[in-house]
Amino acid sequence: MATGTEPQRDSGGVRAGTRAAITAPHLRTDRWWLAPAVTAAGLFAFVVYSTWRAFADAHYYAAPYVSPFYSPCLAENCRTMRAGPNADLFGGWWGISPAIIILIFPLGFRLTCYYYRKAYYRSFWASPPACAVAEPHRGYTGETRFPLILQNVHRYFFYAAILVAGVLTYDTVLSFRDTHYRWGHMGLGTLVFLVNIVLIWAYTISCHSCRHIVGGKLKHFSRHPVRYRAWQFVGRLNARHMQLAWASLLSVALADFYVYLVASGVFADPRFF
Amino acid sequence: MSSYEARFKVWRGDAEGGGLTDFTVEVNDGEVVLDIIHRLQATQAPDLAVRWNCKAGKCGSCSAEINGRPRLMCMTRMSVFDRSETITVTPLRAFPVVRDLVTDVGFNYQKAREVPAFVPPPGLGPGEYRMMQEDVDRSQEFRKCIECFLCQDVCHVVRDHEENKPVYAGPRFLMRVAELDMHPLDAAAETGLDRKRAAQDEHGLGYCNITKCCTEVCPEGIRITDNALIPLKERAVDRKYDPLVWLGSKIRRR
């Protein structure tokens, strides 16, 4: 028979005032915690790995491959990469790993990405942990105040991400050389770089800001047929934004790890031709 | 045709209090949760209050929470549950309860009134509107909404924070703002109404943290977050947070 018959007048949320008197914060019976737990584990693993590699300042170049974490390399303390992505913009005063300079941009792009926002709001901040599962916070202002209002700069990180993806494309072209910098060769690393750059571009282009910029902001698609087609193309990719976000995160880590293994002498890059 | 006895827990009560009541009830092949609630009314609880109408997923009346998930009772097949499972049915938990499974969804009508209506284009009379299909495709997706208010119920901004109700329109009505802002003939801008800015300033778009629960529960499969809320956020960025777009629009106006 009826249980828990007193309404919880004092508490907020689903137990507030005149709502149905149910004391449980949620009544879901499925494994709702699995998705946020897996997401948190995946993101945490990447953060640990990328922090180690970004600060390592070693084993990031094995001709002709340069780690995507260190490209472009913008300080004097970078290793010299023949015809590679070296640009000594920061000079000699930069003392720590040069990866830190450039990683700000892809990090900012992913941190303000609409998919990753959903992922970490749910899995790290439990806001909400899952649909119809009560969040533990007393107050909520969303993205209306500092610092979360800064999420609105996502499109600027998108522009920066385009430039970084351009440099990584250049690195992939350079990977069609052998260890003596002769063109027309290919190794397993070239394949790893090719897969990575395709996924990086697919993730970057499928961004919601990109979808808005290429055509979403228009009121009349019929007056802009080229932009309409571009918007449709980006929209199709955008439907896969989550999958592309994870695939490109994994591929960029794998590309870096491959360079690490070759540069640290664990194995020699298998050459196809 | 096979049948079995299912265990149900149905919330019964009103604003003064209530709780989950246990029932054991017959279930036949092909039935949905609403059928079972009707059988309970017919056989065991004749005063059980439930709002329903079309039984076809088009009127949006029979919204409830089934095993803690906001769903339409008429579109939830019994076959998706294990026969040994106890099925819990409660009213929507974001709105004040009236009685049993019926809630007061007046919050949504209040929010609907706060969204300024379509502004007819000057110089065009009824029957003279002409629009290209590609210009209205986006809005037509949003017109599939049956106003079941499951998205409003699941949105944690108001579900978990009653104090946000005055300042936040919720996904259904932010989608309405997006629909009007994308409408090829809406002349709001000519009358000085900036829907992009209003979405942020008047309807609380910034409260949305795009966690996509509205999209997950939508029985019409509308991609509310990707196609309405995020594009609206980007449009608000054009107005409020992007100095280059702001500068470009100033120059173009001259």
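Modeller: Start with a term for helix packing. Axes are lines fitted to C-alpha atoms, for helices over the stretch in contact, and angles run from 0 to 180 degrees between N-to-C directions. Helices (H or I, at least four residues) and strands (E, at least two) are DSSP runs, numbered from the N terminus. This is a predicted model, where local features need pLDDT of at least 70, side-chain atom pairs count only at pLDDT 80 or more, and totals for chains, interfaces and linings use all residues. Residues are numbered from 1 along each chain as its sequence is written, while chains are lettered from A and ligands numbered from 1 in the order in which they are written.

Biologist: At what angle do the axes of α4(A) and α6(A) cross?

Modeller: Two packed helices are described by the angle between their axes and the distance between the axes. Here α4 spans residues 154-174 of chain A and α6 spans residues 208-216 of chain A. Their axes come within 9 Å. The two helices are therefore roughly perpendicular (65 to 115 degrees), with a crossing angle of roughly 90°.

Biologist: Which residues of α6(A) make that contact?

Modeller: Two residues are in contact if their C-beta atoms, placed from the backbone, lie within 7 Å. From α4(A) come His154(A), Arg155(A) and Phe158(A). From α6(A) come Ser209(A), Cys210(A) and Ile213(A).

Biologist: What is the mean pLDDT of chain A?

Modeller: pLDDT is the predictor's confidence in each residue, from 0 to 100. In chain A, 96% of residues reach 70 or more. The mean for chain A is 92.

Biologist: Where in chain A does pLDDT stay under 50?

Modeller: Where pLDDT is low, the predicted coordinates should not be read in detail. The model has 25 contacts beyond four places in sequence for this stretch of chain A. The stretch is residues 1-11.

Biologist: Which element of chain B gives the most to the side that touches chain A?

Modeller: In all, 53 residues of chain B are in contact with 50 residues of chain A. Elements giving two or more residues to that side of chain B include β1 (3-14), β2 (17-28) and α9 (224-240). With 7 residues, the top contributor is α9(B).

Biologist: How many residues on that side of chain B are charged?

Modeller: Ala, Val, Leu, Ile, Met, Phe, Trp, Tyr, Cys and Pro count as nonpolar, Asp, Glu, Lys and Arg as charged, and the others, Gly among them, as polar. The side of chain B that touches chain A has 22 nonpolar and 15 polar residues. Its charged residues number 16.

Biologist: What distance separates the centres of the two domains of chain B?

Modeller: Domain bounds come from an automatic or database domain assignment. Domain 1 covers 3-103 and domain 2 covers 106-253 of chain B. Between them, 12 residues of domain 1 are in contact with 13 residues of domain 2. Taken over C-alpha atoms, the centres are separated by 32 Å.

Biologist: Which residue joins Ser127(A) through a cis peptide bond?

Modeller: Omega of this bond is near -5°.

Biologist: Which residue joins Phe146(A) through a cis peptide bond?

Modeller: Omega is about 5° in this bond.

Key
Parallel < 35°, antiparallel > 145°, perpendicular 65-115°, else oblique.
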